[in-house]
Amino acid sequence: MIMRYTAWEEFWWNSITGARTVVDRVAMALLENKMVVLKVPSDLPWRYPMRSAIQNAFNERTDARDIVIETIDAVDNNPTDQEPGRFILQTYASSSIRTGYREKSRISIQDYISDRNVIKNRIIWVKGLDQRTAGKWLSFCRGFSPRSAADGLFVLEVHGNFTSGDSRYIQSIDFDDCVSSYDVQQFNSFIMDESSYSTDWKRYIAAAAASVCGTDAELSAMLLEQVDFRSETAVDGLQRIDRQGDFARRGTEDGSDHPLRYLRTGGTAELWHRIWTAQIQVLFPLIELERQKLIEKWHDSIEEALQENHVEQFGAAVTDPAEVELGTLCYMMRCRVSGDYRMLYIPEEADRERIRFLHECRNKLAHMNCCAPGQVAALLDGVC
């Protein structure tokens, strides 16, 4: 396990390519005087640090230091479900301006808000939007023609299957278009640099946690902190984290593919498949590399056995030691040609055991089964 570094959330949003792309795209859209529709997963990692990172990125690129980002919750702050324009007047306008607008006047509520500087120097970040309310807010935002960010802008944070479409003053940015599990794997690699694991272990743990957690970097970081991968699996870690309750709201949305949803609904087969994917990515090449090294070490003995015996592999005779697979090596070591004479004799017992062990692990992975923690440890530590 590793020590907790308190600023990993800032590192994620500021230094990891995909996450930083989200930050930069939102900041640049605001600098171009556009309203933003930011589509994010319901299980977005570190949403508050994301908003801070966007505010900082915006501030770094503008001279207008008095512009602030203010967050409102469409559910908690607007429990009566007022129309967006009325809600903005109610929340930000003085009483005289608030009561001065008439629905039947020739001026739109958007122009009224702009002409009276109701949201001057404000970027209003609206969260808690479902598809219905997101549509209402989007229609409201389309009525503005901001000349600068100082006139007031909106960021609509939405999740679910919502499509907005871009226009002159509206830009859509989708988290899923920018961030993938590869970003989480890269992020995990930086976290693992703080640990005492070997290089192979770091690669495996980074890949396994990313494969299981998808784009939830926050959950992945917690997994790296809490799990001893030498004796536990990512599923063990998820079960412990879920019992702690810190991520109780993750994976609760219908149709979510969050790992905690699979865990709670009996879908552990999907989690094991994700672990298997990481093992194929990291362990399978290591097994192949070790097979090649063992064949190089015992090349002459293997070549002699192939010359003296007819050995078939995948329905064809094999004559080149480099092509001999682990299963064939195991067969050659146990096959008796006459009496006690074995087709292939490897004098070092440790190497014989290692070949059998590698074959067992390779066979598991080839049949879409996961290697157990003890087997993973034996592979990565180079012991039987």
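Colleague: At what angle do the axes of helix α4 and helix α7 cross?

Modeller: First, the ground rules: this is a predicted model, where local features need pLDDT of at least 70, side-chain atom pairs count only at pLDDT 80 or more, and totals for chains, interfaces and linings use all residues. Residues are numbered from 1 along each chain as its sequence is written, and side-chain values use heavy atoms, without hydrogens and water. Now the answer: α4 (residues 84-92) and α7 (residues 131-141) cross at roughly 75°, and their axes come within 9 Å. Axes are lines fitted to C-alpha atoms, for helices over the stretch in contact, and angles run from 0 to 180 degrees between N-to-C directions. Helices are DSSP runs (H or I, at least four residues), numbered from the N terminus.

Colleague: Why is α4 called roughly perpendicular to α7?

Modeller: Angles of 65 to 115 degrees count as roughly perpendicular (under 35 is roughly parallel, over 145 roughly antiparallel, the rest oblique). The crossing is roughly 75°, so α4 is roughly perpendicular to α7. Pro84, Gly85, Phe87 and Ile88 of α4 make the contact with Lys136, Trp137 and Phe140 of α7. Contact means heavy atoms within 4.5 Å.

Colleague: What makes α11 roughly perpendicular to α12?

Modeller: Helix α11 (residues 217-226) packs on helix α12 (residues 234-244) at about 105°, with axes 10 Å apart. That angle makes the pair roughly perpendicular. Leu219, Met222, Leu223 and Gln226 are the α11 side of the contact.

Colleague: Why does Ser220 count as buried?

Modeller: Buried means under 20% relative accessible area (exposed is over 50%, partly exposed in between; 1.4 Å probe, protein chains only). Ser220 is at 0%, so it counts as buried. Ser220 lies in α11.

Colleague: What makes the pairing of the Ser220 and Asn188 side chains a polar contact?

Modeller: A polar contact is a pair of N or O atoms within 3.5 Å; within protein, one must be able to donate a hydrogen and the other to accept it, and residues adjacent in sequence count only if both atoms are side-chain atoms. The Ser220 and Asn188 side chains make theirs at 2.9 Å. Beyond its neighbours within four places in sequence, Ser220 also touches Cys213, among others.

Colleague: How do you know that Cys213 is in no disulfide?

Modeller: A disulfide is a pair of cysteine sulfur atoms within 2.5 Å. The nearest cysteine sulfur to Cys213, that of Cys370, is 15 Å away. By this rule the count is 0 disulfides.

Colleague: Is Cys213 buried or exposed?

Modeller: Cys213 is buried, because its relative accessibility is 3%. Cys178, at 13%, is buried too.

Note on methods. Helix = DSSP H or I, 4+ residues; strand = E, 2+ residues; numbered from the N terminus.
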